[in-house]
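Please keep the structure open while reading.

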Amino acid sequence: MENIPISAQGLALVKAELERLKKARPEVIQAIKEAREEGDLAENAGYHAARERQGMLEAKITYIESRMPRFTVVDLAAMTGETVVYGATVTLEDVETGETKEYTILGPDETDYVKGSISVFSPVGRALIGREEGDEITVEAPRGKLVYEIIKIEYRDPSGYFPKPVEE
């Protein structure tokens, strides 16, 4: 089983999401109960919708709980260096078009929460790991090979990457 890197901030977001999902359980159970009281379950759209919602809720809870033991917490504030590793913010230039892009390399469970970040396990993330400024990387994409030059590597204050967890 592969370890999954995650920042302390990302872990807090995942834990908050898990807690939010668990708190939604009673509401879904109540909706199923109310729909069941409406009568014939075979043609009860409300009942079927509530059961589907319950299935999706439980699947998401199970998914998150199954990943948590594999998380390896990384302190983003301690990350520094000249090469690209987890936590780096990398400025890339498309060699063909000259277009620049900036990505922060994070774990797969954090990238949904952060605009402008990519997973360390994504094709671009994998191609960047261990590289230095001035290096070129080639990434296979559906539209063909993309070649990027690494323009800049930075390690920034991680507090700007993450929104506050949503509380209900």
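1. Which residues of α1 are buried? They are Gly10, Leu11, Leu13, Val14, Glu17, Leu18, Leu21, Ala24, Val28, Ile32 and Ala35. Buried means under 20% relative accessible area, exposed over 50%, and partly exposed in between, with a 1.4 Å probe and protein chains only. The cover over these α1 residues includes β1 (4-7), α2 (45-67) and β2 (71-74). An α-helix has 3.6 residues a turn, so residues three or four places apart point the same way.

2. A word on the source. This is a predicted model, in which local features need pLDDT of at least 70 and side-chain atom pairs count only at pLDDT 80 or more, while totals for chains, interfaces and linings use all residues. Residues are numbered from 1 along each chain as its sequence is written, and side-chain values use heavy atoms, with hydrogens and water left out.

3. Overall layout. The protein chain has three helices and seven strands. Both are DSSP runs numbered from the N terminus: helices are H or I with at least four residues, strands are E with at least two. The order along the sequence is β-α-α-β-β-β-β-α-β-β. Of the 168 residues in the protein chain, 38% are buried.

4. Geometry of α1. At 1.5 Å a residue, its 29 residues should span 42 Å, and the end C-alpha atoms are 42 Å apart, which agrees. The expected span is 1.5 Å times one less than the number of residues. α1 bends by about 30° at arginine 25, and proline 26 follows within four residues. The bend is the angle between axes fitted to the seven residues ending at a residue and the seven starting there.

5. Two residues of α1 to check. Glutamate 17 sits in α1 (residues 8-36) and is buried, at a relative accessible area of 18%. Its side chain makes a polar contact with the side chain of arginine 20, at 2.9 Å. Such a contact is a pair of N or O atoms within 3.5 Å; within protein, one must be able to donate a hydrogen and the other to accept it, and residues adjacent in sequence count only if both atoms are side-chain atoms. Isoleucine 32 is also in α1, and is buried at 6%. Isoleucine 32 touches Tyr47, Ala50, Arg51 and Gln54, not counting residues up to four places away in sequence. Touching, or contact, means heavy atoms within 4.5 Å. The C-alpha atoms of isoleucine 32 and tyrosine 47 are separated by 5.6 Å.

6. Strand β3. Five of the six residues of β3 (residues 89-94) are buried, so this strand is largely enclosed by the rest of the structure. β3 runs antiparallel to β4 (residues 100-106), joined by five bridges. Strands pair if DSSP finds at least two bridges between them. Valine 90 stands opposite tyrosine 103 in β4. The two strands form a hairpin with five residues between them, and glycine 98 in the turn has a positive phi of about 80°. β3 also pairs with β7 (residues 144-154), antiparallel, over six bridges. There, threonine 89 stands opposite glutamate 154.

7. Cores. In the largest nonpolar core, of 23 residues, Val84, Val90, Leu92 and Leu128 touch the most other members. A nonpolar core is a set of buried Ala, Val, Leu, Ile, Met, Phe, Trp, Tyr and Cys residues joined through side-chain atoms within 4.5 Å.
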